[in-house]
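Here is a short briefing on one protein model. Keep the sequence and the 3D view open as you read.

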Amino acid sequence: MAANTTGAQHAAVPPAGTEKEFQTSAGMHENANGFGHNHHGGPINGNGHEHQDHYRSRRDSYHDYPTSMAFGGALQPGMWKPLEHRKFANPAPLGLCAFALTTFVLSCVNLQARGVKAPNIAVPLAFAYGGLVQLLAGMWEMAVGNTFGATALSSYGGFWIAYGILLTPAWGITAPDGPYAADYSDHYSAVGFFLTGWFIFTTILLLCTLKSTVAFFSLFFTLDIAFLFLACENYALNAGNETTARHLQIVGGTFGMLAAFLAWYNALAAAMHTTRLSKLTLTLLLGFITAVTLGMLCQRQPLCHASRFAGRLTRLFGTTAHTVGPSHVMTSAPAERRVIIVVGSGLAGLAAAHEALRHGARVRMLERGPKTGGNSIKASSGINGAGTRFQKARGIETDTSFYGDTVRSAGTRFAAATDGAGGIDRAGLIDTLTRRSAEAVTWLADDVGVDLSVVAPLGGHSVARTHRGAGTLPPGAAIVTTLLKKLRADPRFELTTSAEVVGLTTTPGGAVTGVRYTHEEQRHELVGPVVFAAGGFAGDARGLLAQYRPDLAGMPSTNEARPGAHGLLTDVGAELVDMDSVQIHPTGFVDPKAPTAQYKFLAAEMLRGEGGILLSSDGRRFVNELATREVVSRAIMEERQPAEKEATVRQWDVTLVLDPGACEAAGSHLGFYLFKGFMEKKKVGELAPNMIEALDQYAEVVASGQDNEFGRSSFGHWRLQPGKTNREEVVCVGNVTPIVHFTMGGAAFDAEARVLRRGAGGVLEPIEGLWAAGEITGGVHGDNRLGGSSLLECAVFGRTAGRQAAKALSG
């Protein structure tokens, strides 16, 4: 397949009537070899100029024609003839070099060479060199009559400009609050569509190169495979399988790197004609450059370990030695060196990882699910903060009631439990939570870069202190996606999804030294301090939930079914507290398409905070919608439960109504709810008569400023006026029901996020080497958690855990 590269500089020209014979012979030679050899030395032009040199024999012509220029050197898959007196030089090498350099840099990022993960460095190249210069080379190919070269170079120039736009933050095409904000993971599929299109286009060009040199064909073949694997990487990310996506990215980056060097090789084939370089010299030179380059790239890159890379590829293509099934024997990998081990990828785990990295540690994060974010990514109301600059911008100069509101919400568990000697320090935990709340909001806004400028009131709060962004992305998703992107840009951070922790390793004295986990049919062991942030047990309906709260059987939930991880902590002696304290959220959407589904989507508390009201099945108000979740849920559950639904799921018939003012204020969430069909818009006059009457009565309450019947003191952005004049106004309505939402109980811990166990004399003492944060812990919330405090406890105690673990590792 390789072109003959004898280095002859002048083309022999057949006399009149013999050129056709020569080309026919050349074509026969192509057929005999399967892939064609070009026997000429410059770009095809089809201009009909006759050659001036004297015709030699066919054998001499084959050896004398500068075949180094053929095919790849001229970016021409067809037969090639030189053009005398042309005004343009051969533009193909310029276009190929522009393509090669830009592809090389992006492939380095895809391979995470030297730990670099962010593709930002490719943006200027994509616009200037790979984009503009390659596009110009394509236009010049058109001028010299090379249709294939013009099509290829112009198209790939356009690709790089488009990709540069895609990567430019200012355009916001794939930003968390951009066009894919409603379901942010969809942007991965969108990028996958983009790359799939280029795979199809490259396949078409590949077919045109079948009868050409090995180098020319291989250039398009490797590029085609690179597009395919990188497209599949994005589809895997959309499915939440980050480990498979990483493998696909590595393979795509590898083929991209090969395509880059092949493009350089083809470009220099043309230069060989003018510089009199031999093929051997060119090959040795490029081989030396490739070896030196890869050596420099791999100094800090895991791919330097050939066995590890090979293992990744074999696992990806299913060629591992072990088999899956009854005869499967799980293999073990050696223990890896000491790192901070974070179990769980919700906000608590991400906050711990961020703080550990800030203190100089390396972090390995293990997520048992295929997707990252845990329940944090679903959080829809916001994060609490007392004394923030955003509160002051809203006119709240001071906020000294957060501690008191939290204690009041914790109820009898806090009142009864200073827990005596040896008990958990509930007061200390709540003090830490509330005192560091402003610091947590500032960290997310300033260090991480999350918009938290909107402050709203929620149930149980004395003042507005729950922060969210002004965009369309819910606060949990905005925080998690932005923070995770920041972590991934750090070469010291490594995330593994679908990694199931099966145990903690300990010393004979009971100190935790690491974890054992399974991933891709292998057992692994990590050594280092452990931060446990694996979430609660509200989705463990047949396990821990049934054990501690059997009365909740049949209740729908906002949690996907999965077992609790608390047993891993009790195995090393951790104390569990408040395990029977389970929060019932008053409002989970009843999906009209699947009304009896066990899994429900949360109707954010901010919908009521911005002015929404709740109406019973007979169309009347029955509760202060901004009371604590416990109070509102109890009031709903005291209402009559529809008999026809009792047999399948424990569900109530309650209507959530937002007037035009509340709809506007809750717009960041409402668009998604309307899109999913959870809510719908109706004119007031289209509602049932008893509902219209209830709206008029509530409008009068808002106008008077006093809710004497239920005691609601904040009316949000409600602006609907009472009377018949409101019948054409549009309101938003949806059916809701109480749902199992959050578990306040979990592992006992202290203000330094250290997990506690019973020691001598029954006193709680820290377990060395083990920290925890988030819903896996217990003792902070008591009987009831305030809305907005789940993200807050993840941020406050997650950061504390990461900081303390990093100190332990360095000490």
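W140 is found in helix 4. Helices (H or I, at least four residues) and strands (E, at least two) are DSSP runs, numbered from the N terminus. This is a predicted model: local features need pLDDT of at least 70, side-chain atom pairs count only at pLDDT 80 or more, and totals for chains, interfaces and linings use all residues. Residues are numbered from 1 along each chain as its sequence is written, and side-chain values use heavy atoms, with hydrogens and water left out.

**Surface patch**

- W140 is partly exposed, because its relative accessibility is 34%. The scale runs from buried (under 20% relative accessible area) to exposed (over 50%), with partly exposed in between (1.4 Å probe, protein chains only).
- Helix 4 (residues 122-143) gives the largest share of the nonpolar patch, 3 residues.

**Aromatic pairs**

- The count comes to 30 aromatic pairs. Rings of Phe, Tyr and Trp (its six-membered ring) pair if their centres lie within 6.5 Å; planes under 30 degrees apart are stacked, over 60 edge-to-face, and the rest tilted.
- F104 and F261 form an edge-to-face pair, 6.0 Å centre to centre, with 85 degrees between the planes.
- This pair links distant parts of the chain: F104 is in helix 3 (residues 92-110), F261 in helix 8 (residues 242-275), 157 residues apart.
- F104 is buried at 14% relative accessible area, and F261 is buried at 11%.
- F104 also pairs with W264: the centres are 5.8 Å apart and the planes at 55 degrees, so the pair is tilted. W264 is in helix 8, 160 residues from F104.
- Ring pairs also link a cluster, with F99, Y156 and W160 among its members.

**Charge over a ring**

- R785 lies over the face of F742, 4.2 Å from the ring centre. The rule: NZ of Lys or CZ of Arg within 6 Å of the ring centre and within 35 degrees of the ring normal.

**Cysteines**

- How many disulfides are there? The count is 0, where a disulfide is a pair of cysteine sulfur atoms within 2.5 Å.
- C108 is buried at 11% relative accessible area, and C732 is buried at 1% relative accessibility.
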